[in-house]
Amino acid sequence: MEQQETECVWCRQPLAADAEFCQYCDRAQRVEAGRTIDSDERYLIAETRSGQYGLWDLWTSGEPIFDSADLDRVFNIRDRLRDGSPTDSHSARHYGALFVIAAIVIVAYIAFHAFRYGSCIAQPGIFAWPSACV
Ligand SMILES: [Zn+2]
C-alpha cells in the first residue's frame, strides 16, 4: 500500500500526509494560524482565528500555547521561553534517533557475523576477539 505523501508547510520536505511533525525540521504541521507576524525554528507568532495574537511552540503542538490581544505580551513570553529552555522534548527525540541508529548498527553487526562465519564448522562467539573460522 502506497503511503500518502505531502510536503512540510515550513521547509517543503516530503512528508507522510498524516505526520504531525516534520522529520526534517521537527515543526508541527497542523497549525491553524492567520497571518504570520514572526517565526523562527521553534516559535511562531501569528494572528489567531479569533483576531488575537497567538504563540505556538512548533516542537510540541499545533495548538497555540498562549494567546492575547496584546502583541507585546506575546513577544515577551516568546523571548522568555527562548532563554529558559535548554533541555526539552526536542533533544529527547534526538536521543531516540541515536538509540535507533545504535540498534541498527548492532543488528547489522550480527548479520555480518552470521554471513562471515556461516560456513564455519565451529562458529566463534559473536563478541569473541580475535575470532577464527575452523
Ligand atoms: Zn519541515
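Author: Gladly! Let us start with a facing pair: Ile45 stands opposite Leu55 in S5. This is a predicted model, in which local features need pLDDT of at least 70 and side-chain atom pairs count only at pLDDT 80 or more, while totals for chains, interfaces and linings use all residues. Residues are numbered from 1 along each chain as its sequence is written.

Reader: What makes residues 53-57 strand S5?

Author: Strands are DSSP runs of E with at least two residues, helices are runs of H or I with at least four, and both are numbered from the N terminus. S5 covers residues 53-57.

Reader: Why is S5 called mostly covered?

Author: A residue is buried if 20 or more other C-beta atoms lie within 10 Å of its own, exposed if 12 or fewer, and partly exposed in between, with C-beta atoms placed from the backbone. In S5, 5 of its 5 residues are buried, so the strand is mostly covered. Tyr53, Leu55 and Asp57 point one way, and Gly54 and Trp56 the other way. In a regular strand the side chains alternate between the two faces of the sheet.

Reader: How do you know that S5 pairs with S4 and with S6?

Author: Two strands pair if DSSP finds at least two bridges between them. S4 (residues 43-47) and S5 have 5 bridges, and 4 bridges join S5 to S6 (residues 64-68), so both count as pairs. Both pairings are antiparallel. Towards S6, Tyr53 stands opposite Ser68.

Reader: What lies between these strands in the chain?

Author: S4 and S5 form a hairpin with 5 residues between them, and Gly51 in the turn has a positive phi of about 90 degrees. Another hairpin joins S5 to S6 through 6 residues.

Reader: What makes S3 and S6 edge strands?

Author: The open sheet has 4 strands in the order S3-S4-S5-S6, with antiparallel pairing. S3 (36-39) and S6 are its edges because each pairs on one side only. S3 pairs with S4 over 3 bridges, and Asp38 has Ile45 in S4 as its bridge partner.

Reader: How do you know that helix H1 packs on the sheet?

Author: Two residues are in contact if their C-beta atoms, placed from the backbone, lie within 7 Å. H1 (residues 71-83) touches S4, S5 and S6. Its direction makes about 170 degrees with that of S4, where axes are lines fitted to C-alpha atoms, for helices over the stretch in contact, and angles run from 0 to 180 degrees between N-to-C directions.
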